[in-house]
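Please study the structure shown below and follow the explanation with it in view. The paragraphs proceed from strand pairs to the sheet as a whole, and then to single residues.

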Amino acid sequence: MAENYEITRKTVHKLLPGRSPYIHKGDCGRVLILAGASGMAGAAVLSVRASMRSGAGLTYICTPKANYPVLQTAVSEAICVDWDRVADKLAGRGNEPWNYDVIAFGPGMGVSASSRRMLKAILLSYDGPLVIDADGLNLLAREHELTGFAQNYSGELILTPHVGEAKRLLEDVNLDQTTSREEMAEALVRKYRGIAILKGAGTLVARYSSALKTGAVTVWRNTSGNPGMATGGAGDVLTGVIAALTAQGLSPWDAARAGVLIHGAAGDLAADDKGEYGMIASDIVEKLPYAIDEIINMDVTGDEDEERKS
């Protein structure tokens with residue numbers, strides 16, 4: 001049986017550190033995002049912009065070279081890298097050291113053979129925090145070999161499905177019409193042995209309560225967000241936020257919980273500005289700095305403990 005708690009602004013206020021006046025970009029983390037098949041550069045743009053708007057010092061984007069002009073125009077601060085260079089670093093070839101703090105894989109990638117090879121190489125050769133979203137999840141659902149590699153991944157794994165993707169990931173698990181979202185999140189944790197973020201109204205973040213990855217599962221429910229966030233690209237934004245927070249030193253668990261709250265809070269600001277009908281994913285991105293600033297500077301004097309059971 002899962003233990004259930006709520007993610008509130010106070011939860012995240014306690015997790016976000018202040019910045020030293022002597023900090024430099026290298027201290028703020030290096031994010032590597034693999035996103036955007038040819039013709040899907042928008043997914044890459046959204047995830048990269050979200051990473052940078054969430055405080056990452058450097059964000060690298062591995063995407064087809066056909067997308068480079070789009071990325072370098074839309075996000076001039078991003079650094080484009082090709083897969084061969086990343087693959088060499090993963091394999092320890094050449095003289096370039098590994099210098100990424102986290103990898104995010106999946107937005108707009110497609111499920112081609114080349115995408116499959118990339119994900120396989122990462123799962124087998126990388127041991128740092130790994131966020132898998134969108135087509136990365138679709139690859140896991142389609143390829144039993146990749147499922148096995150994910151289940152035995154040596155680093156911290158964060159999966160970010162919506163309910164439809166979760167059902168595909170859990171195709172071999174006995175789900176029915178009565179299965180709750182909490183039960184689905186718990187099933188994802190038990191099958192993939194990582195952190196599961198089940199997106200939707202009241203996004204759920206779940207993991208094993210024990211570091212041994214056995215026994216009870218803890219599920220936290222997000223308290224921010226609104227229906228206007230049901231728009232294409234919003235999930236790509238969340239991927240960038242979580243990757244950025246991880247790169248800046250939060251544990252993957254804390255980054256997952258803080259990320260969904262900040263993402264929802266930015267969505268709430270966007271809805272206040274644009275309305276729920278007209279807001280789009282890039283509106284959420286532009287509100288991320290304001291949401292983070294509000295949470296860091298909020299007055300928590302006299303507030304109750306944030307770990308409320310839901």
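Strand 7 (residues 157-159) and strand 8 (residues 195-198) run parallel and are joined by two bridges; strands count as paired if DSSP finds at least two bridges between them. Here Leu159 stands opposite Ala196 in strand 8. Helices (H or I, at least four residues) and strands (E, at least two) are DSSP runs, numbered from the N terminus. Helix 10 (residues 234-247) packs on the sheet and touches strand 2, strand 5, strand 6, strand 7 and strand 8. The direction of helix 10 makes about 170 degrees with that of strand 5. Such angles run from 0 to 180 degrees between N-to-C directions, with axes fitted as lines to C-alpha atoms, for helices over the stretch in contact. Helix 6 (residues 135-142) lies across strand 5, strand 6 and strand 7, at about 80 degrees to strand 6.

The model is predicted: local features need pLDDT of at least 70, side-chain atom pairs count only at pLDDT 80 or more, and totals for chains, interfaces and linings use all residues. Residues are numbered from 1 along each chain as its sequence is written, and side-chain values use heavy atoms, with hydrogens and water left out.

Strand 5 (residues 102-105) deserves attention next. From this strand, Val102 and Ala104 point one way and Ile103 and Phe105 the other way, and all are buried. Buried means under 20% relative accessible area, exposed over 50%, and partly exposed in between (1.4 Å probe, protein chains only). Strand 5 pairs with strand 2 (residues 30-34) in the parallel sense over four bridges, and Ile33 stands opposite Ala104. Strand 5 is also joined to strand 6 (residues 130-132) by three bridges, and these two strands run parallel. The bridge partner of Phe105 in strand 6 is Ile132.

How many strands form the open sheet? There are 10, in the order 1-10-9-8-7-6-5-2-3-4, with mixed pairing. Strand 1 (3-7) and strand 4 (79-81) stand at the edges with a single partner strand each, so one side of each is left without a neighbour in the sheet. Neighbouring strands are turned by 20 degrees against each other on average, direction ignored.

UniProt, in an unreviewed entry, places the feature "binding site" at Ala43, Gly108, His162 and Asp236; such annotations may be inferred rather than shown by experiment, and their positions follow the numbering used here, with feature names shortened. Ala43 lies in helix 2 (residues 41-53). Is Ala43 buried or exposed? Ala43 is buried, with a relative accessible area of 8%. Not counting residues up to four places away in sequence, Ala43 touches Pro107, Gly108 and Asp236, where contact means heavy atoms within 4.5 Å. His162, by contrast, is found in the loop between strand 7 and helix 8 (163-169). His162 is partly exposed, with a relative accessible area of 36%. Leaving aside neighbours within four places in sequence, His162 is in contact with Arg168, Leu198 and Lys199.
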